[in-house]
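Keep the viewer open as you read.

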Amino acid sequence: MRIGVFVCWCGSNIKNTVDVDAVTARAKTMPQVVYAQDVQYLCSEVGQSEIGQAIDTHRLDRVVVAACSPRMHETTFQKLMAAKGLNPYYVEIANIREHCSWVHTDKEKATVKAIDLVKKAVAKTAFAIPLTSDQLPVTKRALVIGGGIAGIQAALDIADAGYPVDLVEKESSIGGKMAQFDKTFPTLDCSACILTPKMVEAATHENIRLYTYAEVAAVSGYVGNFNVTIKQKATSVNPEKCNGCGDCVTKCPKKVPNEFDCGSSKRKAVYTLFPQAVPNKPVIDRDNCIYFATGKCGLCAKVCQTGAIEYQQQDEMIENQYGAIVVATGYELKVPDHLGEYAYGQHPDVITSLELERMLNASGPTSGKVIRPSNGKMPRRIVFIQCVGSRDRHDGNPYCSKVCCLYTAKHTLLLNEKFPGTESYVFYMDVRTAGKNYEEFYERARQQGAMYLRGQVSKVEPLGDADNRVLVRGFDGSLQRQVEIAADLVVLATSMEAQPNAKTLGGMLGISTDLNGFYTEAHAKLRPVETQAQGVYLAGVCHGPKDIPEAVSQASGAAVKAIILFNKGQVKSVPTTAMVEKDRCSGCMQCQPVCPYEAISQEMVVERVHGKERQRAVATVNRALCQGCGACAGLCRSGAMDLGGFTSRQLMAEVDSL
Amino acid sequence: MMNEIYEPKIVAFCCNWCSYAGADLAGTGRLKYPENIRIIRVPCSSRVEVAMILRAFQNGADGVLIAGCHPGDCHYDTGNYHTRKRIHLLTSLMDFMGLSPERLWLRWISGNEADKFQATVTAFTQELRAMGASDKVRDLRCSR
Amino acid sequence: MRFPEKTASNSQREDVKHMTGKEVKDCYQCMKCSAGCPMASHMDRLPHEMMQLAKLGLLEEVYASKSLWICASCMACSSRCPRDLEPASVMESFRVTLLRETPNREETCDGDLTVPRQAMIASMRKHRR
Amino acid sequence: MMMVKLPGYEMLIHYLQQGLGEKQVFVPVSEEGKEGHVPLGSLNKVDLAQMTALTFQEKPLRNSIKSLFFPDTETYLTYRKEEGRMVMETPGEMMSQILVGAKACDLESLNLIDRVFLADPVDTLYAEKRAKTLILAAPCRQQGTYCRCESFGVDRINPAADVTMYQETADAAEPLYLKSLTPAGETFLEEMMKCGTEGEAVAVTEIPWQAVPPGEKPLSPQEVKDQMDTLFEHPLWEELAMRCLGCATCTYYCPTCHCYDIRDFSRQGQEAGERYRTWDSCMFTSFTNMAGGHNPRPHRKDRIQNRFFHKLNYFVKKQGPLACVGCGRCGDACPVGISMDTVLNRIGGDRHDA
Amino acid sequence: MQSIMASITQSIQQTAAALLAAGEVDLVLGYTRGERPHQSVPFVATTPAAAAQLHWDPFCEKALAPYLMEESYQNKRVAVVMKGCDARALRLMISESRVDREKLVVLGVQCQGMIPREKLEAAAGEPLHQLTLTWQSEGVELTGRKGSQTLSYEAVLSPFCLTCQHATPAVTEVDQIIAGSGEKALVKGKNIPPKEAFSDIETIEKMGAEERHAFWMQQLNRCIRCYSCRNACPVCTCRSCIFDRENPDYLDAAKNQPAQHQFYHVIRAFHVADRCVGCGECARVCPEGIPLHLLNQKLIQDLTQHYGAFTPGVDEVPNPLSCAGAHEVDPFGKEAKK
């Protein structure tokens, strides 16, 4: 065996803290190392060709690269190995940048550590075995989870590329949060006017199949071959028969708060989510339906001329195969009643931004009029409070919800335009307008009269006057003093939050959530729509707070990722799969239940013992299913199960090298 | 000599997807921590065999850190649950045998918890320094 | 401070705009004016505060402030304002407004001789030019 | 030959303790029912009654004395890398040692091992220990319940030690008689006499001690060997294999088994390590595992058969005597009750049947 | 008592002879009297005549299940005498594909509990070869040189048998139950609570860490690495043992390193953690008397306490260590928070 060691300076990144010369010199004395060299930038073309030349000149068959994290450049070096006719898994990386030079200051100690890390890599690579990957077919159908604007966009893009898409939405209509909005910043386009055509397009697209009022119940499989169980909740209305006349809705005697209007209006127990709903077929909310509670009523069934009402409908489990999954599950708004100082839920005139949005909407509960919920009169003085539950480590979410600055500016503008004479005061900590034309939009809001006060509100309380106004106590950082404003209406910019079931769904999909419950992308900068799970992509706010254009562009990005996968038509299997040493294996199958991919099964092998054939059970790994976690190898008693790239021999060698 | 700080040797097994990434992020963020740790990369914390942990101790490690994704965040779905169970039992058995279970840590460190990685390594190093050297699990033929 | 029920109307603010050609509502309180003002240490209200008060329509407070008369009209603020609002001109407009109402104000000639009289400075600036 | 009378066992221990600095002394001790020789210096408390009882009991200690001459693990050399060069070290000279309370069968087992280890090429590690160890042995008055020393021709009354110990009753307070058999033994006794114990250690000419004479006729090694030659295909071996667990208990407890394996231990980046030998057992599958994967004794039957053939046939052919001293340890320790008797009874039975 | 022992012996002999005579099996694996007094050892009868040597008494301790994996038993139809613990192990072996149930005739014995010879000798205060035993209903009557005495069965039975809940194999697991006739209950206190069963563990747990270490050092240092514990264990069923692995060598052969002994015993305990049937063979066969069962029991206790009760060889697989999930305790989450 002829191991070559290459130590990277990474410019000054490594060289400043690690004595690169010493590491190289020391590497030369390590077992089986026949060549060592330091290079300024190994990842550069020059660096790569240096390695290439050394492989030729010194007939190297294994390479150790002491440089940055393998998560950074492992593929780069693996490709180089392949180009040199060596197995890509014959290169081992010693992470002397992220794990050494960047985290230490004492050059002497850092050098000792770097040497150890190189030693470890040399020890590991000495036992490397060649690994290859297989080509696996891809099911060319995509699943989009979530029918908000991001999900719709992703579905449309994939469908337009010619691939079938299933769009799963938990509500009875697609549209998501955007359907609730009145206008969109910074253009003040009517939200419905730009959304509805997309919804209709999605519903009518020949490549798109909608599953509304449905949820993902189970996911198994892997990239290119996911098996997904969709739970189609019973709508109690036969969509084939229903003609959407709405008679059932009119006749339904049961009224419940309308979630779509944040509870500020009523809907029936049989209802369509909103007038432009797609599909525009009502569903029966069984939790509130009198028939389902008592077995009596049945008015809707009586009035329905097409006989579409079907009380006996059952939830249905539908199983489908997909090659790729786009997650676009969106967000929820944090109900701000946890912050007592803002009196939300205590004073009717303290409302959330979405409630104001609904009021501003012509099809909303007030038909576009802004009123004080307490008395129905028009408010003259409105106080907006920013960062309610956002940027709040103590009692909310630590992150910035990103869109509140702009929609508040939008609200002040809309108020000023629709109802001249209203005064808008905005209490804020920072105003963030990073986005095309956002600063201009904000400026416009100020120019139109919105009064911005830098400082947070500490208390909202009843003023006790005849108008039942509220007193907002805040601070003006410019004037350096406390200020009090008697307001008619207080609007809270509530925080965007991950869906409460994000973690559960993430668990099914094999993608992780960050501390805030948003899905984690594969790489913060370079792979922002991919996830750790191959074939699962992110779109929209489920990944973190975003505005509409961002959500839409990410959705298109996710769609393209899926399309790329479908165009290729094949995926490469993970090369670092589990493998069974059949001679050692007892066939006890303790490993079988450990495998999350059901990749392990039992097979019978025939051996010859003293000239006689004998059958024996052993475990066997389906390389297509195995994702290479090694949980089986960690459990195997006899050591028959091993993991390519991380064999027991290699890991032991690493442990022994230290 | 007595005043000299004992510099413990720490062997860490970090899962590729969370903890190794967390350690990488600590590097990217230039977060400083003691030099005592040597990280072995594993695809999942469940790949670590009990034998490897004991082997590290035999070879003179003063502490072994297993770091994986937070429960529920495992890249492989369930791997860290297995780790959790195995290490739980191992810790308990080590305690039962008086083999200093406090020298074996299992921690959940996600890919964006660079600060937690830093804090964990720093705290572990400090605690091991305070504990000093131990020969309870070391093969006496291995130097410290 | 409780906000008055009625703040300055937009028309009052328009007056300032008319006089200076500047829109105080544009001020976004970067405080650069106050940062560079050589007279800041003598003022009861800093230039940015004057801008903020004007913006909020709290003109009574603006007119009550001595800072109007401390301002040396050095124009440092105006030359640096990122919003191009010329705070010095805004100040001047307030002074002018006040002087139009009451031409002989005490503040124009107060006894503190360490601080130059605003009128004199203004005339010096005018005439040197 | 020299004979000395001590007032009691305590006196001997006292003397041995005085000389502890220069010599390592091993005395018989029973810990939780497990008997063996341990360094006198390591004892927190000397239990004289127990020591006396163990010394004069009519069977050997459960752990044989072979580990004092042939330890279960023994370092040949250690090595490390220093400035790019390999530096090797061998263990230093050992301290002289005194072994108290051996039995005749123990000494006979050493004689058997001597034939192997002291023959050319000499096993220097073993030879050094043999040369530097003074043995104090005690005879057995009669053959123990599970002992077969008489059958294997061991003279239990006259152990071939440096010094023999006698006591009328196994009572620590009773006088202890010592008789030297070798020059080294004589020097030992002389020194003891000199060593500040005047009046208490006295030279005597007679030792009041009587033994029960042997009642069994010794087996003839040649006859046993010949009989074994006819038994190679006997079903007995398969029967035993079906019962044997394949553990190493019999071989490790056997005082005459002397197989070992040579291994390298190298961790920490292979920059330091050691080469050592450690007991191996012919009962292990790995014992005959060859590099290419071939195993000439693949089955338990082959292995258990080999073990008994080695003791009762091959050793006789090569060395003359039977490689068993009839101590009965294998039968005591075997988890499934296989002993030398198990085989001998069958051999005898078959001979009678025939 | 005497009668049940004799009738079980007789029943085994008759059944074995019949099976052999009918050619239904090639051999019967059971017990016979050993060479030492009051010793019973594994025995294979291959002819109806040899079946007369089969024997049953409370000294038939050795677990027979592991033999079934041995080469000598392959390609043969085997009838095997099994106690409850053995049968549990057998079920485990079957589920782990280590034996072919089709080729077996399982004779499940209504086990009355086993008596360790050392325990009996200690209780008797006299060497075993001097004793004659009579099985009385209230206990075992010992007649020796010092006279006669009767010891209660609780005083002499193996602690493993005293807490055993599955003395007689489940009917579903065996082909025939050999119950014998006569008075049955040798063990009266069958319902000894687990807490008592694990009393040794509690004693050790109460020690300080240093004391525990010293205790186990003293115990494990005696280990001679004879592997009898492994070889006797009815659930150590691996085709090739990790400790025999050469590359990488998991276990170093040096017998003078406590660390290697610890390694062997920790891993050994781990490998049977969720599979141990509590037969106590590991501790019984250890020639050095190391209380190895404590390590197994400690793990069983931990598993039971934190992950719910599981009886290997009785409950359905998967075994606790082969499955893990979100619902389980997280002893490491809280710690990490501080």
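What share of the contacts in chain B with a separation of 6 or more comes from residues 24 or more positions apart? The share is 77%, where contact means heavy atoms within 4.5 Å.

## Ground rules

This is a predicted model, so local features need pLDDT of at least 70 and side-chain atom pairs count only at pLDDT 80 or more, whereas totals for chains, interfaces and linings use all residues. Residues are numbered from 1 along each chain as its sequence is written, chains are lettered from A and ligands numbered from 1 in the order in which they are written, and side-chain values use heavy atoms, with hydrogens and water left out.

## Chain B

Let's stay with chain B for its overall build. Chain B has 4 helices and 4 strands; helices (H or I, at least four residues) and strands (E, at least two) are DSSP runs, numbered from the N terminus. Read from the N terminus, the order of elements is β-α-β-α-β-α-β-α. Chain B has a radius of gyration of 15 Å, close to the 15 Å given by the globule rule for 144 residues, so chain B is as compact as a globular protein of that length. The radius is taken over C-alpha atoms, and the rule is 2.2 Å times the number of residues to the power 0.38.

Along the principal axes, the C-alpha atoms of chain B fill a box of roughly 45 × 35 × 20 Å. Of its 144 residues, 76% count as buried; buried means under 20% relative accessible area, exposed means over 50%, and partly exposed lies in between (1.4 Å probe, protein chains only). Chain B exposes about 3,900 Å², with carbon and sulfur atoms supplying 54% of that area. Accessible areas come from the Shrake-Rupley method with a 1.4 Å probe, and for residues only the protein chains shown count as cover.

## Chain A

Chain A contains 18 helices and 34 strands. Its C-alpha trace spans about 95 × 70 × 40 Å along the principal axes. Of the 658 residues in chain A, 60% count as buried, and the chain exposes about 25,400 Å², 49% of it from carbon and sulfur atoms. Among contacts in chain A between residues at least 6 apart in sequence, 69% join residues at least 24 apart.

## Chain E

In chain E there are 13 helices and 8 strands. A compact globule of 338 residues would have a radius of gyration near 20 Å, and the 21 Å of chain E agrees with that. The C-alpha atoms of chain E occupy a box of roughly 70 × 50 × 40 Å along the principal axes.

Of the 338 residues of chain E, 59% count as buried. Chain E exposes about 12,700 Å², and carbon and sulfur atoms supply 51% of it. Residues 24 or more positions apart make up 71% of the contacts in chain E with a separation of 6 or more.

## How the chains meet

For a residue with contacts in both chains A and B, look at A:Lys120. A:Lys120 sits in helix H6 (residues 107–125) of chain A. Is A:Lys120 buried or exposed? A:Lys120 counts as buried, because its relative accessibility is 8%. Leaving aside neighbours within four places in sequence, A:Lys120 is in contact with A:Glu654, A:Ser657, A:Leu658, B:Ile39 and B:Ile40.

## Two views of chain D

Helix H1 (residues 9–18) and helix H2 (residues 48–56) of chain D pack at an angle of about 100 degrees, with their axes 10 Å apart. Axes are lines fitted to C-alpha atoms, for helices over the stretch in contact, and angles run from 0 to 180 degrees between N-to-C directions. The angle makes H1(D) roughly perpendicular to H2(D); that class covers 65 to 115 degrees, while under 35 counts as roughly parallel, over 145 as roughly antiparallel and the rest as oblique. In this contact, D:Tyr9, D:Glu10 and D:Ile13 of H1(D) meet D:Leu48, D:Met51, D:Thr52, D:Thr55 and D:Phe56 of H2(D).

D:Glu93 lies in the loop between strand E5 (85–89) and strand E6 (96–102) of chain D. D:Glu93 is exposed, with a relative accessible area of 71%. Not counting residues up to four places away in sequence, D:Glu93 touches D:Glu128 and D:Lys132. D:Glu93 and D:Leu125 are 32 residues apart in sequence, and 9.7 Å apart in space from C-alpha to C-alpha.
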